[in-house]
Amino acid sequence: MSVLLDPSSLKIKVSSTLNKDTKSFGKHFLTDGSAETCWNSDQGQNQWISVALASPKRVASLSVGFMFQGGFSSNEVQVLATLDADAGSDWTSLTVLYPSDSNDHQLFPLVISEDVSVQSLKFVFASSTDTYGRIVVYKFEIWENK
């Protein structure tokens with residue numbers, strides 16, 4: 001059974017917000033449940049979303065969901081993690097996801113060769129489909145298989 005991690009338990013940070021307009025395009029819209037609101041990054045390559053989990057989780061038990069705006073997605077998402085509770089620890093590469101450039105909800109199990117526990121995850125949008133590198137996400141969720 002999969003359970004959606006409570007968005008209020010996640011500490012989310014983003015690389016940027018379009019024109020620094022957090023009231024219209026801020027990170028809080030990633031998990032508000034509305035199909036009418038979104039996080040919209042500013043211009044530039046390698047935009048990202050990072051998430052500090054309330055407690056360490058096994059990577060093999062997690063899936064991540066995205067709903068992009070077509071034309072403003074990423075063909076490649078690098079998944080990084082901190083492997084312990086130390087906030088100052090380095091990011092370690094876990095896997096790469098390959099979303100489609102569409103408005104569809106897309107769910108990706110985090111499949112890696114070695115099951116480890118993670119404290120934080122970072123999703124780097126390494127290949128934006130927008131000429132200016134902007135990313136638009138209407139829905140972001142992390143699921144745990146129990």
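How many aromatic pairs does the count come to? The count comes to seven aromatic pairs. Here, rings of Phe, Tyr and Trp (its six-membered ring) pair if their centres lie within 6.5 Å; planes under 30 degrees apart are called stacked, over 60 edge-to-face, and the rest tilted.

This is a predicted model, in which local features need pLDDT of at least 70 and side-chain atom pairs count only at pLDDT 80 or more, while totals for chains, interfaces and linings use all residues. Residues are numbered from 1 along each chain as its sequence is written, and side-chain values use heavy atoms, with hydrogens and water left out.

Select Phe66 and Phe140. They make a tilted pair, 5.6 Å centre to centre with 50° between the planes. Phe66 belongs to strand E5 (residues 62-68) and Phe140 to strand E10 (residues 136-145), 74 residues apart. Strands (E, at least two residues) are DSSP runs, numbered from the N terminus. Both Phe66 and Phe140 are buried, meaning under 20% relative accessible area (1.4 Å probe, protein chains only).

Phe123 lies in strand E9 (residues 117-125) and Phe140 in strand E10, so the pair ties together parts 17 residues apart in sequence. Phe123 has a relative accessible area of 0% and is buried; Phe140, at 3%, also counts as buried.

Now widen the selection to Trp39, Phe66, Phe68, Phe123, Phe125 and Phe140, which form one aromatic cluster.

Last, select Lys122 and Trp48. The charged end of Lys122 sits over the Trp48 ring, 4.5 Å from its centre; the criterion is NZ of Lys within 6 Å of the ring centre and within 35 degrees of the ring normal.

Definitions and conventions
Helices (H or I, at least four residues) and strands (E, at least two) are DSSP runs, numbered from the N terminus. Buried means under 20% relative accessible area, exposed over 50%, partly exposed in between (1.4 Å probe, protein chains only).
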